[in-house]
Amino acid sequence: MGSWLDYTINGLIIGNIYALVAVGLALIFGVSNLINFAQGSVYAVGAYIGWTCFTYLHTPLAVTALIVVVACAGLGVAIERIGLRPLAGAARIAPLLATIGISLVLDQLLQIVFTPDPRALTSPLPNWRISVGGGTIGALDLLIAATGIVSAAVLYGFLRFTKLGWAVRATAQDRDAARQMGVNTDAVNMTVFAIASALGGLSGLLVGMYFNHIDPAMGFQATLKGVVAQVIGGMGNVPGAIFGSLLLGLTESYGVAIFGSSYRNLFSFALLLLILVLRPNGLFASARSTPPEPMTGSFVTPNRPVRVPRWAIVAAVVIAAAVPLIPAIPYVLQVLTNAWLFAMLAISLTLVAGTLGQISLGHASLLLIGAYASALFALDSHWPVWASIPAAGIVTALLGTALIAPSFRLRSHYVSIATLGIGEIVGLVILNWESLTRGPMGVTNIPPLQVGNIELDNPRAAYWITLGILVLLAMMQTRLLRSHLGRIFRAIRDDDVAARAHGISLGRYKAIAFAFGGFAAGISGGIAAHQYSYINNETFTSTVSISALTMVILGGMGNVLGAILGAVALTALPEMFRGTAEYRMLIYGVALLLLVRFRPQGILGTT
Amino acid sequence: MRLSRRTLLAAAAATLPAVRARAAEPIMAGVSGPLTGPNAQYGAQWKRGFDLALDGINGAGGVKGRPIEYVFEDSQSDPRQSVAVAQKLVADPRIIIELGDFASPASMAASPIYQRAKLVQFGFTNSHPDFTKGGDHMWSNSTSQAEEQPNLAGYAAKLGFKRPALLHLNTDWGRTAKDAFVAAAPGLGMQVVDVEGYLAAEQDFRPTLVRARDSKPDGLVLLSYYADGALISRQARDTGVKLPILAGTSNYSPKFIELGGQGVEGDWVMSTFFPGDPRPEVQDFVTRYRKKYDQEPDSFSAGAYDTMVLFSLLCAQFGTTREAMQAGLLAIKDVPSVIYGRVTFDPATRRVLGANYKLLQVKDQKFMVWDGTPPAAG
Amino acid sequence: MTDLLECRAVTRRFGGVIAVKPIDLTLREGEFLSIIGPNGAGKTTLFNLISGHDVPDDGTIVLEGVAIAGRAPERIAAMGLARTFQHGRVFANMSVRDNILVGAHHRLRAVKPRLPGLGALAELAMALIRPPAVAAEEAALNHEVLEIAALFGDRLTPRLDQPAHSLSYANRRRVEIARALALRPRLLLLDEPTAGMNETETAEMQSIIGGLKARGQTILLIEHKLDLVMRLSDRVIAMDDGAKIAEGPPHTVRQSPAVIEAYLGHRAMGEAAL
């Protein structure tokens, strides 16, 4: 069929576009061992700088590109110098969170300066096209391909043949050793951020021209696809990133060809998981590489957690339970109810991410599973709500653990990326499995919270129920952490090689932790479904996963009380900034950055 | 914005009644919608529509000497925040009607709260068929897909489509629209040969278009928002798909042409309103919009504008309490509207029928009323 | 005495480099065997192969009559093999007490009911319910921790509740050994237990290891400090360049020309202390 040529070409064209972002991500990961979530934002900034140049300065493309490259390199230096370098001694997770904060701030700034409307970024290139198969390829496609290949080649040459390039590679291999050998690793890092950001900005310009469309939110999707592409090619492998991008583009194109457009991302993320499970070091790594060096102690910031006396906790619970008694406005109760629901998700995540050390970026999918399970039990099986919610917790525990189980043998960043992929897959399966989930129309008329005939559908009752369940879950988790399981989870987090040497089977204990955490998250999703009365596949998105992680880190990794505190703080903060309307997410981003900078171990400290 | 003597004068004139009205208590509407987050662009359009309507209403002395104001609570169109916003709005006794939210998950999650408080939730972008079934206080003047799609299908038939391929946004909105179109097609002698539901954040439509092309259609129908619609049309031309393209009302936006460029030249777009429409409501809206914002209005700002005008008339005719809003919506008739000729609600569905549907065509990078020339045989 | 551990023609290649050339090794119950050799001789790789952290390309490893090559390290640990690591791998953010308790993991019984298929679930339930039998087991283990810590004089006992990252390097090595002892190993693999220790500390460690030997503990030791090796070992194997170059009683091996040659040849590496 002639169309296969078209699908192939289309796959290569879009893969070509993914490659531009993936190369920048790979470079930074290779040297700093960091997934730079701000890369997509730099890409958006580059696109907007280009738009400004075209619109107001009327500069030709070459000059515009030069301005974008220089400005974004400067931005990269600033990100490294101001946002990341001060975190050098902190836990590995701190810079990751900082890049999320930087990305929030940059996206919001773009939105405030340029308005959220999409804009056209019209390519000044001559509009000649050559026919290939049934379609055509234009000058811009060739320019994008050339940019990808040339930048990879220049990077390769730079890393291989220049002194600074050697320093970069030495730093990538062993930062401490490089420093001892006199390499100025700070300068290396700054160089790498400058190069990657320059490339990111240039990509934003070119991709914006390709789609004739830029908007302030364009960065997130770009980062997502870029991360997937570079995992396929091997994290930190620059030529691999290009290959991975092309393969990703082809997979998507063929996936659409065979199954239809609505399944598109399902195939990218399925490919991602397949490669993670079968060849976790990417397609180019040798099958059996030496086990990685231990990262003992680098996972959480060494610190002494704040000891909160028992009476203070009891007092806090009593005060929280008394809030509805004072003539509080329902709005405050609703915000706090949301905070308790988020807190259930946060204690679930703090268990797997903080105590067990498996940073999940797809935790919102557990909410989705819980919400759908409880809604469908109540509607389709006519279960009472008091039974459907705990059942949803159990279903989430089982299903969530089964989904993550193939990734149990992965470590550090690979776990995060796998969970990111699983999260996206859950959303897409819900969208497409219409006979069960009702697809994009979502589930309507979910019965409200009730016991018997008593509807508990008022803010006070909902508040007390969620608070009560949260306290119960938190107590159970505290008890769990004080048992031998808490010890085992922490041992796995601190050093899984040593843990195995003492007879700890990773799969079994990861499953226990994910099941316990999945239960709490499923309960939270289940309650939310009955509270909202309507859910669909977009009710809990990846933004929720990121918020939950922020709460966990803010409160202190692994710290149950900290997770609850983080949930209250991060639910309340945006509400408090409500008066500032468009600026509130910006303030939130800045607050996040300051916290990571000045208290990387979180408010109550890691445990 | 350039300041001219005329705008200065107009501004000065506008402040006079405002000063007089300041003494009076404002009439308040609460808005729950996205000002930040991925849907912020639509919230921004709403604000433009609201503000323009209020310039006119408050400029003319408000309602019985009281100005109308609104509080816009940013929900990011996120259900967690829209329920909190709902509690905040229902607890504020000054607020007598709620407008929004944008997407169905956020709007419908908040519905039980508004229903309990007997505060009208007026979801003017909520076309989800179940939105107004959330309770008798859920109302919408969003064009009903059950009405819109047969009109679109009718135009498709007039354009000579026999075997259209359908590309739709795979959300509750796009799905409702698609189902309605597919249901209407056979009665008009059309057979939909391919349906492609694409994902919300998608930008690359080339493989989707090849798939659609391979079903040998004689035209493409786009049930998309303007930003996706422009991308699809451009990429259709790049992939060598020369079929005529017909797009639904949510593509009517100056951004469709701005983002689509030559790629949307010749496309047909159905619209509920058109700046060239001679009706005075439309002319008033369009001229003032252009003057105030130095850009062309789109269907989102028009919907917000219509809604604010409706609110002012409800207040003028039925009073300024929450109960009055509910009673008024049941009773009000023939409200002038940019999108509809005249608005009257069906008390059973709490929706509006009878929108004006026009077929426009992009000619020389401008929307023109279609002159009836059928597409060249492609 | 029977053979506790028996390695036959065990081989490990990394790319083109042969890290362990086909090597034979046997260890009897209660025996103290040391492996010496310059850096890069393949000693630690051999340890990793025995403990299951790496998989041999060829050869067999038999522990108490069971072939274990390629088995997961946790399963080998459950058979009674404990090890320490060359560079020290304590659980940095856990207290000394918890570090040692982790060592006793495979001896937990009450909290791990044997239910086919549902073992993990039952273990979770036991941890949450904490019935008397489970509480008693924890208490007994905690008591045992005190006994193990006492082996190290007052080095660990006063620091039981301190996080391991706050300890000195030497103390972290002691924690690792204490943790290995909590497993009550049938076979104990010690990888350079005195690395980084001064003379006093080394002497102290030597007496501790000597005490273990006196209790009849079977030990396989990698060590550079030949004094310690000579005093404690029943038998010594010398390795160089992945191969066994000498084997026998300590003094025979020490005087073997091949061993002297290997150490002289590597003198530049600065490790040999002949």
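The crossing of α2(B) and α11(B) is right-handed; a crossing counts as right-handed if the near helix is turned clockwise from the far one by less than a right angle, and as left-handed if anticlockwise. Helices here are DSSP runs of H or I with at least four residues, strands are runs of E with at least two, and both are numbered from the N terminus. Helix α2 of chain B covers residues 40–59 and helix α11 of chain B covers residues 299–318; they pack at an angle of about 40°, and their axes are 7 Å apart. The axes are lines fitted to C-alpha atoms, for helices over the stretch in contact, and angles run from 0 to 180 degrees between N-to-C directions. That angle makes α2(B) oblique to α11(B), given that angles under 35 degrees count as roughly parallel, over 145 as roughly antiparallel, 65 to 115 as roughly perpendicular and the rest as oblique.

Before I continue, a word on the model and its conventions. This is a predicted model, in which local features need pLDDT of at least 70 and side-chain atom pairs count only at pLDDT 80 or more, while totals for chains, interfaces and linings use all residues. Residues are numbered from 1 along each chain as its sequence is written, and chains are lettered from A and ligands numbered from 1 in the order in which they are written.

Which residues make the contact of these helices? Among them are Tyr42(B), Trp46(B), Phe50(B) and Ile57(B) of α2(B), and Phe300(B), Tyr305(B), Met308(B) and Val309(B) of α11(B). Two residues are in contact if their C-beta atoms, placed from the backbone, lie within 7 Å. By class, the contact of α2(B) with α11(B) has 13 nonpolar, five polar and one charged residue. Ala, Val, Leu, Ile, Met, Phe, Trp, Tyr, Cys and Pro count as nonpolar, Asp, Glu, Lys and Arg as charged, and the others, Gly among them, as polar.

I stay with chain B for its domains. The domain assignment, automatic or from a database, gives domain 1 of chain B as 5–143 + 278–347 and domain 2 as 145–271 + 358–369. Their centres, taken over C-alpha atoms, are separated by 29 Å. Nine residues of domain 1 of chain B and 14 residues of domain 2 of chain B form the contact. The side of domain 1 of chain B that touches domain 2 of chain B has one nonpolar, six polar and two charged residues.

One residue of chain B deserves a separate mention. Asp194(B) lies in strand β7 of chain B, residues 194–198. Is Asp194(B) buried, exposed or partly exposed? Asp194(B) is partly exposed, because 19 other C-beta atoms lie within 10 Å; 20 or more would count as buried, 12 or fewer as exposed, and anything in between as partly exposed, with C-beta atoms placed from the backbone. Beyond its neighbours within four places in sequence, Asp194(B) is in contact with Ala165(B), Leu166(B), Ala212(B), Ser215(B) and Pro217(B).

I turn to chain A. Its domain assignment gives domain 1 as 3–278 and domain 2 as 310–598, with C-alpha centres 32 Å apart. In the contact between them, 29 residues of domain 1 of chain A meet 29 residues of domain 2 of chain A. On the side of domain 1 of chain A that touches domain 2 of chain A, α4(A) provides the largest share, 12 residues. That side has 24 nonpolar, five polar and no charged residues.

In chain C, the assignment gives domain 1 as 3–90 + 170–269 and domain 2 as 95–166. The contact joins 15 residues of domain 1 of chain C to 18 residues of domain 2 of chain C. α6(C) gives the most to the side of domain 1 of chain C that touches domain 2 of chain C, with nine residues.

Finally, the chain interfaces. Of the two pairs of chains in contact, chains A and B share the most contacts, with 61 residues of chain A in contact with 51 residues of chain B. α1(A) gives the most to the side of chain A that touches chain B, with six residues. By class, that side has 24 nonpolar, 27 polar and 10 charged residues. The contact of chain C with chain A takes 32 residues from chain C and 31 residues from chain A. α4(C) gives the most to the side of chain C that touches chain A, with five residues. How far apart are the closest C-alpha atoms of chain B and chain C? They lie 32 Å apart, and no contact joins chain B and chain C.
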